[in-house]
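Subject: Structure handover

Hello,

Here is the structure I promised to pass on. Please look through it first, then read my notes below.

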Amino acid sequence: MGRSREFDEAAVLTGAMHIFRKQGYQAASIRDLEEATGLKGGSIYHAFGDKAGLFDAAFGHYNRTVLEGRIERFAPPGSGLRGLRELFLSLLHEPDDASLGCLITNMAVEFGGGVNPHPRVEAALGLLRTTFRLRLGEPPTFARDADGAKADRTAIRLLAFYQGLLVLIRGGEGKAALRLAIEDEFNQLETLL
């Protein structure tokens with residue numbers, strides 16, 4: 001029987017997640033990860049195998065706590081276009097006004113698309129696309145879109161807009177201007193109903 005972990009796994013994964021968000025995978029050193037997690041290098045390797053294992057666990061933690069949590073809070077099933085608007089506006093309010101950026105967006109850029117996209121990036125983008133598509137399919141949104149083609153195209157456009165917003169936020173774009181852009185986008189979508 002293996003030893004139980006003697007650390008708060010959620011706290012460790014949150015610390016690692018913030019380092020990877022801020023610095024990226026390649027630039028994050030074991031020393032940075034030790035400082036962020038409170039674990040020594042040997043403990044990191046023992047608990048997660050290596051830096052890649054810690055990254056994978058931290059990315060999974062991000063997807064569960066940040067991405068899925070945000071969707072559940074702002075765009076739960078049945079919230080339709082109103083929920084999507086709230087989800088997009090929520091991007092303007094990062095906890096503690098930090099500007100660490102989105103781990104999904106940052107890693108999509110760092111790892112590049114290529115033939116084999118990172119599975120965590122691919123899963124997260126897929127969850128966003130699916131969420132957008134499902135909320136767009138909720139009445140009264142695109143009620144006359146019998147085959148769903150318009151909702152599919154709109155979901156892809158919203159995914160591009162969502163990711164673009166995250167890049168602009170990380171780049172320091174003024175949030176007032178981004179808020180107006182979000183409001184304009186959703187006001188236009190409402191006219192299509």
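**The annotated span**

The end C-alpha atoms of residues 29–48 are 15 Å apart, and this span is 80% helix and 0% strand. Helices (H or I, at least four residues) and strands (E, at least two) are DSSP runs, numbered from the N terminus. In UniProt, an unreviewed entry gives residues 29–48 the annotation "DNA-binding region". UniProt positions follow the numbering used here, feature names are shortened, and annotations may be inferred rather than shown by experiment.

**How to read the values**

This is a predicted model: local features need pLDDT of at least 70, side-chain atom pairs count only at pLDDT 80 or more, and totals for chains, interfaces and linings use all residues. Residues are numbered from 1 along each chain as its sequence is written, and side-chain values use heavy atoms, leaving out hydrogens and water.

**The whole protein**

The protein has 9 helices and 0 strands. Of its 193 residues, 42% count as buried. Buried means under 20% relative accessible area, exposed over 50%, and partly exposed in between (1.4 Å probe, protein chains only). Take the contacts with a separation of 6 or more: residues 24 or more positions apart account for 69% of them. A contact means heavy atoms within 4.5 Å.

**Helices H4 and H7**

How do the axes of helix H4 and helix H7 cross? The axes of H4 (residues 51–74) and H7 (residues 119–136) come within 10 Å and cross at roughly 10°. Axes are lines fitted to C-alpha atoms, for helices over the stretch in contact, and angles run from 0 to 180 degrees between N-to-C directions. H4 is therefore roughly parallel to H7; the cut-offs are under 35 degrees for roughly parallel, over 145 for roughly antiparallel, 65 to 115 for roughly perpendicular, and oblique for the rest.

On the H4 side, the residues in contact include Phe59, Leu67 and Ile71. On the H7 side, they include Val121, Leu127 and Leu128. By class, the contact of H4 with H7 has 7 nonpolar, 3 polar and 3 charged residues. Ala, Val, Leu, Ile, Met, Phe, Trp, Tyr, Cys and Pro count as nonpolar, Asp, Glu, Lys and Arg as charged, and the others, Gly among them, as polar.

**Two residues in H6**

Asn106 is in helix H6 (residues 103–111). Asn106 is buried, at 16% relative accessible area. Leaving aside residues up to four places away in sequence, Asn106 touches Arg21, Leu100, Gly101 and Arg170.

Val109 is also placed in H6. Is Val109 buried or exposed? Val109 counts as exposed, with 64% relative accessibility. Its C-alpha atom is 9.9 Å from that of Val167, 58 residues apart along the chain.

Best wishes
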